[in-house]
Amino acid sequence: MASMALRLPTAQLCKAARSSSFRPSFRCAQQQTRWLATPTTHPVTQKNVGTAMVFLNMGGPSTLDEVGDFLSRLFADADLIPLGRLQNYLGPLISKRRTPKIQKQYGAIGGGSPIRKWSEYQCEEMCKILDQISPETAPHKPYVAFRYANPLTEEMYKKLLADGFGNGRGGRAVAFTQYPQYSCSTTGSSLNELWKWRQRLEGKAGPSEDGKDGTIRWSVIDRWPTHPGLVEAFARNIEEKLAEYPEERRKDVVLLFSAHSLPMSVVNRGDPYPQEIGATVQAVMQRLNFSNPYRLCYQSQVGPQPWLGPQTQTSVEEYIHKGQKDLVLIPIAFTSDHIETLYELDQEVIGESGHPDTVKRVESLNGNPVFIKALADLAKEHLDSGLACSHQNSLRCPGCKSERCAASKKFFAGQEILPGH
């Protein structure tokens, strides 16, 4: 998640949109029958079209001129910022008022977010590895679908169709969330958007000559909070940062894991994010043999309503006040640099701490080869599993009232996938 996404006092004063409850019963299951070959009238087949690997993320404006549109899309998303019946009125108003401030923040980190650059690089490098370790599903073609910035989900889907997927030709695509820990407001929102454009662009596709509808067959990597490769990448980066401290102080450096916060209203609805964040932290510390004292904190809280805490900046201030000045910040919910790391942690939290020489941040995963290999291993495991999604993805939050969420989950869980295809 991104700080702009949840920094919305006004949103906390509005009631979430009401909708009737729709609770289907379904589960992700392995496909029991093979796909038939596409008809001879279509020269592109599932085998030679390969596998589309689609990275899902919130995204960020690459230039200052894109900030306004980015915020407009963000505040229009009821999954992220529920404004009820006032969504269409308050969303544009808030985004317009916030644009100048957010432009200044992006200007302070170089004029735009690097998240597109890193996402495209990570996906491309992962696909190169997949071509080698999973030749039966090759070639693997990289795509990025951002929720609020270019390339948007709609743009990505149209490119899939233009590249030979769907349109009566079938083909396999994997929606791979780049939020390791699931939240309805991040991965859930991205999957809902993907489902929406699938329905609009392929929902009325007629049957092909083999009896299949010829649409893209989707599967989902919806969470991976404790994957060994992810844990190893984080642990190595932490070890490298700890090595910058004098040996006699190293074991007493406090590790502060920082994740984006959530309003308690979302947490109390049953969102799984807090426990999945905690699972990642515990796995990383176990890998480090619990070498240092540590805490989990949350960043980006705004507004008067209760949020998940403690807050990262407040935690840093309190520890320094207690005399603990050796602190390492670890952005545990982010897989690349963006405004939360480059501005909020580096310039606000560390820059305002008064101790930039002892309060440090672990490098983001970005182009880390250990991390990219982990992405490939995770994708390979998924492709071999034959699962459309995890069983956990099928389960709605206890307090969920969104019919769109129910329909999206039912669609992805119902996709027929054959292991290794």
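Contact here means heavy atoms within 4.5 Å, and helices (H or I, at least four residues) and strands (E, at least two) are DSSP runs numbered from the N terminus. The model is a predicted one, in which local features need pLDDT of at least 70 and side-chain atom pairs count only at pLDDT 80 or more, while totals for chains, interfaces and linings use all residues. Residues are numbered from 1 along each chain as its sequence is written, and side-chain values use heavy atoms, with hydrogens and water left out.

In helix α13 (residues 312-321) the buried residues are Thr 312, Ser 315, Val 316 and Ile 320, where buried means under 20% relative accessible area, exposed over 50% and partly exposed in between, with a 1.4 Å probe and protein chains only. These residues lie on the same side of α13 because they cover an arc of only 130 degrees around the axis, the arc being that of the directions from the helix axis to the C-beta atoms. The elements that cover them include β5 (254-260), β6 (294-299), β7 (327-331), α14 (339-350) and β8 (359-361). After α13 comes Gly 323, with a positive phi near 100 degrees.

**Nonpolar cores**

A nonpolar core is a set of buried Ala, Val, Leu, Ile, Met, Phe, Trp, Tyr and Cys residues joined through side-chain atoms within 4.5 Å. The largest one has 66 residues, and those touching the most other members are Met 126, Phe 176, Ile 238, Leu 255, Phe 257, Ile 330 and Ile 332. Helix α9 (residues 228-242) supplies the largest share of this core, seven residues. Another core, of 24 residues, lies apart from it and has Val 49, Leu 56, Leu 161 and Cys 389 among its members.

**Strand β3**

Strand β3 (residues 172-177) is largely enclosed by the rest of the structure, because six of its six residues are buried. Arg 172, Val 174 and Phe 176 are buried on one side, and Ala 173, Ala 175 and Thr 177 on the other. Strands pair if DSSP finds at least two bridges between them; β3 runs parallel to strand β1 (residues 51-57), joined to it by six bridges, and also pairs in the parallel sense with strand β4 (residues 217-221) over five bridges.

**Aromatic pairs**

Rings of Phe, Tyr and Trp (its six-membered ring) pair if their centres lie within 6.5 Å, and planes under 30 degrees apart count as stacked, over 60 as edge-to-face and the rest as tilted.

| Pair | Centre to centre | Angle of planes | Class |
|---|---|---|---|
| Tyr 143 and Phe 165 | 6.4 Å | 85 degrees | edge-to-face |
| Tyr 157 and Trp 218 | 5.7 Å | 45 degrees | tilted |

Tyr 157 lies in helix α7 and Trp 218 in strand β4, so their pair ties together parts that are 61 residues apart in sequence. Tyr 157 is buried, with a relative accessible area of 0%, and Trp 218 is buried at 0% relative accessibility. Tyr 143 and Phe 165 are both buried as well. Ring pairs also link Phe 55, Phe 176, Trp 224 and Phe 371 into a cluster.
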